[in-house]
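Student: I am new to this structure. Please show me how to read its features, one by one.

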Amino acid sequence: MTTNKKYTLGPILEINLAMLFISTSGVLGRYIQLPPELTIALRGVLAALFLGAFILWRKTSWHIASKDRMAILIGGIFLGAHWVLYFYALQLSNVAIGMLSIFTYPVITSLLEPVFLKTKLQVIHILLAILVLFGLYLLAPEFSLESDYTIAIILGVISALCYALRNLIMKTKVQKYEGTVLMWYQIVIVSALLIPVLFMNVDWFSVKEQLPYLALLGLLTTTIGHTLFLSSFKHFSVTTASLMSSAQPIYGIILGILFLEEIPSLRTVIGGVLILISVFVESRRAIK
C-alpha cells in the first residue's frame, strides 16, 4: 500500500510543479512588450534550442512513425494558436483575467474527451468542471462589449478550445513517445509557422532589451513546464490532468501580486478557493 501511494503521489507533485512553471507565462506575457506573434516566435525558437539540447544529452530517439506525424502537426498548430491568443488576452487585460479565461479548457476537455477518446463521461468530472466554471465566473469582472476585458475573455476561451483540442490529440501519442520529443516537434512547428514574423518590421532593440525574459519564457515556462505537463498524460486522463491543472491561475495570480502588484479582489479570492477545491478533490481521486 505504501509503495503504491509513493508511485501515485509522484505524478501529482510533477503536474503541480509543471503548473507552477507554466504559470510564469502570465507575468512574463504581461511584462514583455512585444507583439504576441513575435513573442511566441522567439519563445519557440529559444525553447526548441533548449529542449533540443536536452534531448541530445539524454540521447532520446527522435523517431516518429509516419502515421503519427499528421496528428503531431495538427497538435502543433493548435498549440501555436493557443499561445498567440493567450498572449493577446494578457495584453488586453491582466494576469488574472488572461490566465483565468483560458481555464475554461477543463470544462471543454471534459465534454470533448468522450467524443475523441471514446471514454465514458463521468458525473464527477462534470460536477468538478461546473465548480471550476463557477469559480471562473466569480473571478471574471462584469461583461461589457466595449471592454478590453470582454475581448480578452473571448480570446482566452478560444485559446482554451485550441489547448483542449491539442491535449486530446496528443493524449493518443504520449503513450508511444517521450514527452520531450513530442513537445520539441510541436515547438518547431509553432516556430516554423511564425518565422515570417521575424522578417517583418521588428524593433530588434526592444527584443534585445527583453531577451532575458524571452529566455525565461522559452526555458522555464515552455521547455520545462509544458514538457512536464505533457508527460503527465501517461498517468492521468486528459480531463483529470486538466482539472488538476486548475491550480495554475492561482500560482499565476500569486506571481502577479509579487512581481506586478496586481492585487486580486475578494471575489477573485472566493473564485480561486472554489478552483482549489476541485483540484484537491481530483487529486484525492487520483491517489485512490
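Student: What should I know before I start?

Tutor: This is a predicted model, where local features need pLDDT of at least 70, side-chain atom pairs count only at pLDDT 80 or more, and totals for chains, interfaces and linings use all residues. Residues are numbered from 1 along each chain as its sequence is written, and side-chain values use heavy atoms, with hydrogens and water left out.

Student: How many salt bridges does a search of the whole structure find?

Tutor: First the rule. A salt bridge is a side-chain nitrogen of Lys or Arg within 4 Å of a carboxyl oxygen of Asp or Glu. The search finds 3 salt bridges. One joins the side chains of Arg30 and Glu262, with N to O at 3.2 Å. These two are 232 residues apart and link distant parts of the chain. Arg30 is in helix α2 (residues 24-31), while Glu262 is in the loop between α13 (248-260) and α14 (266-287).

Student: How are helices named here?

Tutor: By DSSP runs, numbered from the N terminus: helices are H or I with at least four residues, and strands are E with at least two.

Student: Which residue forms a salt bridge with Lys173?

Tutor: Asp68 does, with the closest N and O atoms 2.8 Å apart. This pair also links distant parts of the chain, 105 residues apart. Asp68 sits in helix α4 (residues 66-92), and Lys173 in the loop between α8 (148-171) and α9 (179-194). Asp68 counts as buried because its relative accessibility is 1%. Lys173, at 13%, counts as buried as well.

Student: Which residue does Lys176 pair with in a salt bridge?

Tutor: Asp68 again, and here the closest N and O atoms are 2.7 Å apart. Lys176 is in the loop between α8 and α9, 108 residues from Asp68 in helix α4. Lys176 has a relative accessible area of 44%, so it is partly exposed. Shared partners join Asp68, Lys173 and Lys176 into one network of salt bridges.

Student: What does a polar contact look like?

Tutor: A polar contact is a pair of N or O atoms within 3.5 Å. Within protein, one atom must be able to donate a hydrogen and the other to accept it; residues adjacent in sequence count only if both atoms are side-chain atoms. Take Thr109, in helix α6 (residues 105-117). The Thr109 side chain reaches the backbone oxygen of Tyr105 at 2.7 Å. Thr109 is buried, because its relative accessible area is 0%.

Student: Where does the side chain of Ser191 reach?

Tutor: To the backbone oxygen of Gly44, at 3.3 Å. Ser191 lies in helix α9. Its relative accessible area is 7%, so Ser191 is buried.

Student: Which residues make the nonpolar surface patch?

Tutor: Patches are made of residues with over 30% relative accessible area and no salt bridge: like charges are joined within 9 Å, nonpolar side chains (Val, Leu, Ile, Met, Phe, Trp, Tyr) within 5 Å. Accessible areas come from the Shrake-Rupley method with a 1.4 Å probe; for residues, only the protein chains shown count as cover. Here Met70, Leu73, Ile74, Ile77 and Leu193 make a nonpolar patch of about 430 Å². Helix α4 gives the most, with 4 residues. Ile77 is in α4, and at 41% relative accessibility it counts as partly exposed.

Student: How do I read empty space?

Tutor: Rolling a probe the size of a water molecule over the atoms shows where empty space is left. On a 1 Å grid over the protein atoms alone, a cavity is a set of points where a 1.4 Å probe fits but cannot get out. A pocket is an open set with protein on both sides within 12 Å along at least five of seven lines, and lining residues have an atom within 4 Å of a point. Grid points are joined across faces, edges and corners, and a volume is the space filled by probe spheres set on the points.

Student: What is the volume of the largest pocket?

Tutor: About 220 Å³. Its lining includes Thr24, Tyr31, Tyr213 and Phe259. Helix α2 gives the largest share of that lining, 4 residues.

Student: Which element gives the most to the lining of the largest cavity?

Tutor: Helix α4, with 3 residues. The largest cavity holds about 70 Å³ of space. Among the residues lining it are His82, Trp83, Tyr86 and His226.

Notes: Buried means under 20% relative accessible area, exposed over 50%, partly exposed in between (1.4 Å probe, protein chains only).
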